[in-house]
Amino acid sequence: MRMTAHTLLPPAALRISIPALVAIGSLCLPSIAEAHVMDGPLGGFGSGFGHPLAGFDHLLAMLAVGLWGAQMGGRSVWTLPATFPLIMCLGGVLGMLGVLPAGPVQAGIALSVFVLGAVIALEWKAPDWIALALISVFAILHGIPHGVLAPRAVDPAAFTVGFVVSTGVIHVIGIAIGAVLKPIAQGRLIQALGAAIALAGVWFIARLIIA
């Protein structure tokens, strides 16, 4: 489907998106810039599982991956959520090696929330290779902070497994939400949710700029 402003903000979707925007905005307010920073000792699987849930930017991006896959349908329902955790492990290795500084990584993560929300809002049915390439780039960026933290864990291997499993669970939740909402109002509810996620991404980017 061709991207248009009309697709992004149909009147019905705009009305539906207001409560979602309020809820997301209220959750975005506290400590967004530190979303991927965890102080204190780290355990094993439990700490790794909880880490994706501690960063609201990461959580929204993971939900968006599942939503986008469900929205596009076909193989994308499973290829996008399956690809992301696998490539994220590569990002984790880069994080352990300290390849990229924190600033650009955080900016890339914030941008990923905006882009993933926008493609859902625009109902962009991207070619498979483009969707997978986009997902892979964002997966690397999201994996880097996890890789930075993994060596600090009591059990780095279990920590890594924990955040991969947690990411997969969030993807599945996104797919489930997408599957429930897709038949309703010709998919406008999914688009409205995507618009709310995109606006949250704008907020993350703005916070980084003014920090």
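Val105, Gln106, Gly108, Ile109, Ser112, Val115 and Leu116 in helix H6 are in contact with Leu134, Ile135, Phe138, Leu141, His142, Ile144 and Pro145 in helix H7. Contact means heavy atoms within 4.5 Å. Sorted by class, this contact has 10 nonpolar, four polar and no charged residues. Ala, Val, Leu, Ile, Met, Phe, Trp, Tyr, Cys and Pro count as nonpolar, Asp, Glu, Lys and Arg as charged, and the others, Gly among them, as polar.

The model is predicted: local features need pLDDT of at least 70, side-chain atom pairs count only at pLDDT 80 or more, and totals for chains, interfaces and linings use all residues. Residues are numbered from 1 along each chain as its sequence is written, and side-chain values use heavy atoms, with hydrogens and water left out.

The axes of H6 and H7 are 9 Å apart, at an angle of about 140°.

The whole structure has three aromatic pairs, with ring centres within 6.5 Å. One of them joins Trp68 and Trp124, with 6.2 Å between centres and 25° between planes, and is stacked (planes under 30 degrees apart). Trp68 lies in helix H4 and Trp124 in the loop between H6 and H7, so the pair ties together parts 56 residues apart in sequence. Helices are DSSP runs (H or I, at least four residues), numbered from the N terminus.

The table gives relative accessibility; buried means under 20%, exposed over 50% and partly exposed in between (1.4 Å probe, protein chains only).

| Residue | Relative accessibility | Class |
|---|---|---|
| Trp68 | 0% | buried |
| Trp124 | 23% | partly exposed |

Conventions:
Rings of Phe, Tyr and Trp (its six-membered ring) pair if their centres lie within 6.5 Å; planes under 30 degrees apart count as stacked, over 60 as edge-to-face and the rest as tilted. Helices (H or I, at least four residues) and strands (E, at least two) are DSSP runs, numbered from the N terminus. Axes are lines fitted to C-alpha atoms, for helices over the stretch in contact, and angles run from 0 to 180 degrees between N-to-C directions.
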